[in-house]
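Please keep the sequence and the structure open while reading.

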4 protein chains.
Amino acid sequence: MNKVRIGIIGAGRIGKIHADNLRRHPQAEIVAIGDLFADDELVDWANARGIPVVTNDSEDIINNPDIDVVFICSSTDSHVPLIKQAARKGKHIFCEKPISMDIRQTEEALEEVRRAGVQLQVGFNRRFDHNFRRVRGHVEAGAIGEVQLIKITSRDPIPPPEDYIEVSGGIFMDMMIHDFDMARYLSGSEVEEVFAQGGVLVDPAFARYDDIDTAIVTLRFTNGAFGVIDCSRKAVYGYDQRAEAFGSKGVATADNDYPNTAVLSTEDGIWRDKPPHFFLERYNAAYVLETEQFIDCVLNGSAVPVSGEDGWQAEKIAWAAKRSLHERRVVKLTELDDRNEDELAERQTEGR
Amino acid sequence: MNKVRIGIIGAGRIGKIHADNLRRHPQAEIVAIGDLFADDELVDWANARGIPVVTNDSEDIINNPDIDVVFICSSTDSHVPLIKQAARKGKHIFCEKPISMDIRQTEEALEEVRRAGVQLQVGFNRRFDHNFRRVRGHVEAGAIGEVQLIKITSRDPIPPPEDYIEVSGGIFMDMMIHDFDMARYLSGSEVEEVFAQGGVLVDPAFARYDDIDTAIVTLRFTNGAFGVIDCSRKAVYGYDQRAEAFGSKGVATADNDYPNTAVLSTEDGIWRDKPPHFFLERYNAAYVLETEQFIDCVLNGSAVPVSGEDGWQAEKIAWAAKRSLHERRVVKLTELDDRNEDELAERQTEGR
Amino acid sequence: MNKVRIGIIGAGRIGKIHADNLRRHPQAEIVAIGDLFADDELVDWANARGIPVVTNDSEDIINNPDIDVVFICSSTDSHVPLIKQAARKGKHIFCEKPISMDIRQTEEALEEVRRAGVQLQVGFNRRFDHNFRRVRGHVEAGAIGEVQLIKITSRDPIPPPEDYIEVSGGIFMDMMIHDFDMARYLSGSEVEEVFAQGGVLVDPAFARYDDIDTAIVTLRFTNGAFGVIDCSRKAVYGYDQRAEAFGSKGVATADNDYPNTAVLSTEDGIWRDKPPHFFLERYNAAYVLETEQFIDCVLNGSAVPVSGEDGWQAEKIAWAAKRSLHERRVVKLTELDDRNEDELAERQTEGR
Amino acid sequence: MNKVRIGIIGAGRIGKIHADNLRRHPQAEIVAIGDLFADDELVDWANARGIPVVTNDSEDIINNPDIDVVFICSSTDSHVPLIKQAARKGKHIFCEKPISMDIRQTEEALEEVRRAGVQLQVGFNRRFDHNFRRVRGHVEAGAIGEVQLIKITSRDPIPPPEDYIEVSGGIFMDMMIHDFDMARYLSGSEVEEVFAQGGVLVDPAFARYDDIDTAIVTLRFTNGAFGVIDCSRKAVYGYDQRAEAFGSKGVATADNDYPNTAVLSTEDGIWRDKPPHFFLERYNAAYVLETEQFIDCVLNGSAVPVSGEDGWQAEKIAWAAKRSLHERRVVKLTELDDRNEDELAERQTEGR
């Protein structure tokens, strides 16, 4: 393959970011962009970028034989049907996280992808961050020896608006799913058990949707190591994204980025600027790199750096965290399989 | 009171450190030092410091009417009887942590102290560390707003020898008790619930004594905030002692100390020295300050900065952590009282 | 003006970088690129970027009526004639530093620019660096009070090859001219006196061309403040670019950038990665910003952020530094005017 | 020698600090303290420390046969006569810096010391600072290769009162003499040439005494390396004491110390405490170490770590800096010898 022809479904903020990043790749060509609410503004936006087709029907993209790759950037509930359709048409897929909020559905989508033999990359952009990659590099190189502890700090600068909270899927599936993936990425191990604790300390709106805004999740990995993630929907000093991998031979830590290295010292103290505001600023280069690597994998037919399996594992941890929070106990990921058997049984009964 | 006359019981490493620090206080005079294994070497050591009396019988100190204050630096199992005896003799007491490994006994010792109306300070030296005090200062000044999360990293550079492991009381009572106190100190709140997870990743010797060497303990405070402590018996890069208080208006963090600020940059990278080796190096100034403030409180009759109640609360958290680890569930501190009721009932039955 | 049509003269490394950066500006269109040694490879490179014209004759660009703006990225000795020609044709000019190595010629070129009423921006890219801009911002905001001292560290990772040394113009005009501009930029003041000291400590090749590789230059500004720049052609740990502005109310410092924030701690010490290798890595974003702002100024007719006067002032400091090094004394910038008067007189005599 | 008996001459701030530090050395005994203005307060102070003799006549100390070592902490003009007297009485000497403000007199004092065969240590306390020692350690270990540049920042938090300025000897002899010694210490090389520039930017009082408050001094070492020191009498953000040794294989830098590692992050930025206020706070441990090493050298008869020669060399640099400032040219240290020849000739003439 010499050039990749791309269709983007979902022209929200993240869809547009992917579009602009894809334009920097010499072998990527955006053929069409689709959005339920496509309007004149989107047409202008597409024209300025030389994207010929704008549509409000995702089928125009799925069924377009000129398109090799579909970027699914629409709302989460549309991911599974779009993945299935795109896979059946033999298109490679880049899908934003999470694949879905129902692990069984995610499994079905992945099954379809496997059958079709197409590529699927999940949008865990943080794996492409310069800082976390360097920590992972130290782990892989054996510089910290056997991994014993993974620590992640994950704090947003501002909570989302209430209408987003309502449909977000909750803190574990919406926000911490990135951290669950990071825990797997940094440790190089699977999660076996989860314990979650948390509450509403930031904004009572979360309580109205049976959600929380502050959480601490403890993990046990299959290799015996532990993990701990602390998460808040509101850190007034900016997006706080740090990680640490501790092991038998040392520790590798990644601090936040800063917009500059300037330090001001006055009678009042020593002072520097806050970290970049939010994910678009912090993970700007990571978004570029994840699409670049995805396009390269499609071109070369090599394995994508973040697979559907990675998406599925993170969702399982989110599921276990939610159950742990509600039942106030350690939850094993294997419980999920048991539950699904039961639920399937129930569903079949209901379906009769 | 113009001068404080002191007797030290226990001439191990920590007893000698307190002795040397006390000598720097112009109103403190060490009258006697006692140790079960007092020998010629100790006599020489005492002579060089102008300490007139060396004894192998703690009663010589307890019963000495010239002594105002007793420093209890002997093994943990001797703390409670010594506190009781000293209190009955009207002496003020500085006692190393923990007061005991049995919370009921700790309560009884504290009851005796209250009855006698003497001062009792517990050796939570980290409260006097320059870094943690500054974080606490920010919390107290309201600089971080409402406290929402306390995070503590607590890692020793080397595990203790096996014979110490055997009698240590376990990671929670021996090592993390400092961190439990720090969590209360930084948050300014009491702990309500504890969840502990951990394992043996460092040295199989711990398993032989039903102990662990790696732990993550999650706390919930009565004010709704959360806490998380990660702990390891072995960080090869040195004593790792960091803390963070996060709240509605900001975060205050305390990094490790370093022996110097020198940085070497070569073709291979940017390099600096490891943190100070262990607690004696890191908390050197804190040990001086804790004894200084204790002596000042005895002289002025003002409240000691770390009370017996503080010691007791930390022990309760350690107890809950141990139970949580074994029962794999969240443990409330109030369960302790229930248990004690039952146990008391049992004991009374047995006693008949 | 709605769109800017650009011709680039000089297709070396820096010319190509400007081309790629200009492509990101929606109102910039590269119409032609010229290079004395234009070959098939350059044609391919231009094709891939949609640049229609490739030429080996700069006149094709200068005389092209479709071109509004000329980027002069050719060798230094061609700058003055190209500026004069472009100005006479009414084209706006972006010229790499230095304008020339003969201040009198620079003056003549600037005179031509003034007569033509076109814009001229000089390529002092470091003014657009995030760190130095922040320091300048603190100075401008009065955060450090009256400026008293400007300190600049300027060290390249590797010395240039010998054939470059031969034509470089020497350390002051080639390398430190950036630092002289930075000193003016950060202080907001003009330089009055210069004292330069230095030697050959890195590579004897420099001595063969009457050049040095290590220098310390002390400045006195017209507002009474001082400046000091230390410079080396070889810092094995990477490109070392730091600055500091000290004043009556504080100090603002800018450290190097780092490729990531990851820190590795092991038994051997605490370790992080070196700074970015060289100017392309460190000043990547600054190159983008300088062209963006230049294009915007051309579009809006507003004053460029780095004028020809700025280029000329920096050259005067370089001249004074060279004279100071050779005569081992403080040199005033006004001496330059005296010298020129004399030299002009001499030239006129010779000319008869 | 088993114990060192000490007499201190000069009971000002620094004399008292040395006294308190000497008390911590088990083999040091302070026998007497003398001060021209000895009063009841000093007697009380001495009593509280068990110092038996207080006198207002330095001869009582010089002539006391029980005294092995004299600490000269009196005003600079008394140093030379006291050194000569003490040396003649065979006493080892610790003398505060500078030995004198007249290099010829310093030479005479050192000659007397040599004749008497006693030890003389000069109070360049910064050589004992943990940060600068570490930089020196890297240089000595060859970690930075051949030294090419020494950079020192030396800024006081507040200028001295006017009556001190009057007698201080000027910025070079009073303040920068420490930095001149540091330059020699870090480089391991002698200074050959000096160029000084500076002015009055902080307080017009300095101008009234033909002194300056802001200076940049450039050095050339005999091994070809360069040095640069920037100095200010007023840094509002605290005592600023940094150093850097740059060489063919790397750079070693020493940042300021900080009173704690606590960092506060809020909506307004990232903030930490200023460095320690002034030399007593910053160099506290260095003062302890310098007296400890001096006492050990006296006990062992080994060479002192900072010799009279070291004091004399720093004074020569200060002399050259002053001459350079006034004559606006590079001054060689060898000029000093020429001058002295002339001056000696003149004096002899006058003396007839």
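This is a predicted model: local features need pLDDT of at least 70, side-chain atom pairs count only at pLDDT 80 or more; totals for chains, interfaces and linings use all residues.

## Interface of chain A and chain D

Chain A brings 14 residues to this contact, and chain D brings 14 residues as well. About 1100 Å² is buried between chain A and chain D, with carbon and sulfur atoms giving 65% of that area. On the side of chain A, the residues that lose the most area to chain D are Glu267(A), Ile270(A) and Trp271(A), which together make up 43% of what that side buries.

Two strands of chain A, β13 (262-266) and β14 (269-272), are the elements that give two or more residues to the side touching chain D. Of the elements on that side, β14(A) gives the most, with 4 residues. Sorted by class, the side of chain A that touches chain D consists of 6 nonpolar, 3 polar and 5 charged residues.

## Interface of chain A and chain B

The contact of chain A with chain B takes 37 residues from chain A and 37 residues from chain B. Between them the two chains bury about 3100 Å², and 60% of this lies on carbon and sulfur atoms.

Which side chains meet in a salt bridge here, one from chain A and one from chain B? Arg242(A) and Glu244(B) form such a pair, at 2.9 Å from N to O. Across the whole interface of chain A and chain B the rule finds 8 salt bridges. Residue pairs in polar contact between these chains number 12, with both residues at pLDDT 80 or more.

On the side of chain A that touches chain B, at least two residues each come from β7 (147-155), β8 (191-199), β9 (214-221), β10 (226-232), β11 (240-247) and β12 (250-254) of chain A. By class, that side has 14 nonpolar, 12 polar and 11 charged residues.

## Salt bridges over all chains

Side chains of opposite charge can pair when their charged atoms come close. Over all chains the count comes to 140 salt bridges. One of them lies within chain A, where the side chains of Glu162(A) and Arg208(A) meet at 3.0 Å, N to O. This pair links distant parts of the chain, 46 residues apart: Glu162(A) sits in helix α7 (residues 162-167) and Arg208(A) in helix α10 (residues 205-208) of chain A.

## Packing of α9 and α13

Two packed helices are described by the angle between their axes and the distance between the axes. In chain A, the axes of α9 (residues 177-187) and α13 (residues 308-327) come within 9 Å and cross at roughly 115°. The crossing of α9(A) and α13(A) is right-handed. From α9(A), the contact is made by Ile177(A), Phe180(A), Asp181(A) and Arg184(A); residues from α13(A) include Asp310(A), Gln313(A), Glu315(A) and Ile317(A). The contact of α9(A) with α13(A) has 6 nonpolar, 1 polar and 4 charged residues.

In chain C, the axes of α9 (residues 177-187) and α13 (residues 308-327) come within 9 Å, crossing at roughly 115°. This crossing of α9(C) and α13(C) is right-handed. Among the residues that make the contact are Phe180(C) and Arg184(C) of α9(C), and Ala314(C), Ala318(C) and Ala321(C) of α13(C). By class, the residues of the contact of α9(C) with α13(C) divide into 6 nonpolar, 1 polar and 4 charged.

## Backbone geometry

In chain B, a cis peptide bond joins Lys97(B) and Pro98(B), with omega about -15°. Pro98(B) lies in the loop between β5 (92-95) and α5 (103-116) of chain B. In chain C, the peptide bond from Lys97(C) to Pro98(C) is cis, and omega is near -15°. Pro98(C) is found in the loop between β5 (92-95) and α5 (103-116) of chain C.

Asp210(C) is not a glycine, yet it has a positive phi of about 55°. Asp210(C) is located in the loop between α10 (205-208) and β9 (214-221) of chain C.

Methods. Residues are numbered from 1 along each chain as its sequence is written. Chains are lettered from A and ligands numbered from 1 in the order in which they are written. Side-chain values use heavy atoms; hydrogens and water are left out. Contact means heavy atoms within 4.5 Å. Buried area is the accessible area (1.4 Å probe) that two parts lose on being put together, summed over both. A salt bridge is a side-chain nitrogen of Lys or Arg within 4 Å of a carboxyl oxygen of Asp or Glu. A polar contact is a pair of N or O atoms within 3.5 Å; within protein, one must be able to donate a hydrogen and the other to accept it, and residues adjacent in sequence count only if both atoms are side-chain atoms. Ala, Val, Leu, Ile, Met, Phe, Trp, Tyr, Cys and Pro count as nonpolar, Asp, Glu, Lys and Arg as charged, and the others, Gly among them, as polar. Axes are lines fitted to C-alpha atoms, for helices over the stretch in contact, and angles run from 0 to 180 degrees between N-to-C directions. A crossing is left-handed if the near helix is turned anticlockwise from the far one by less than a right angle, and right-handed if clockwise.
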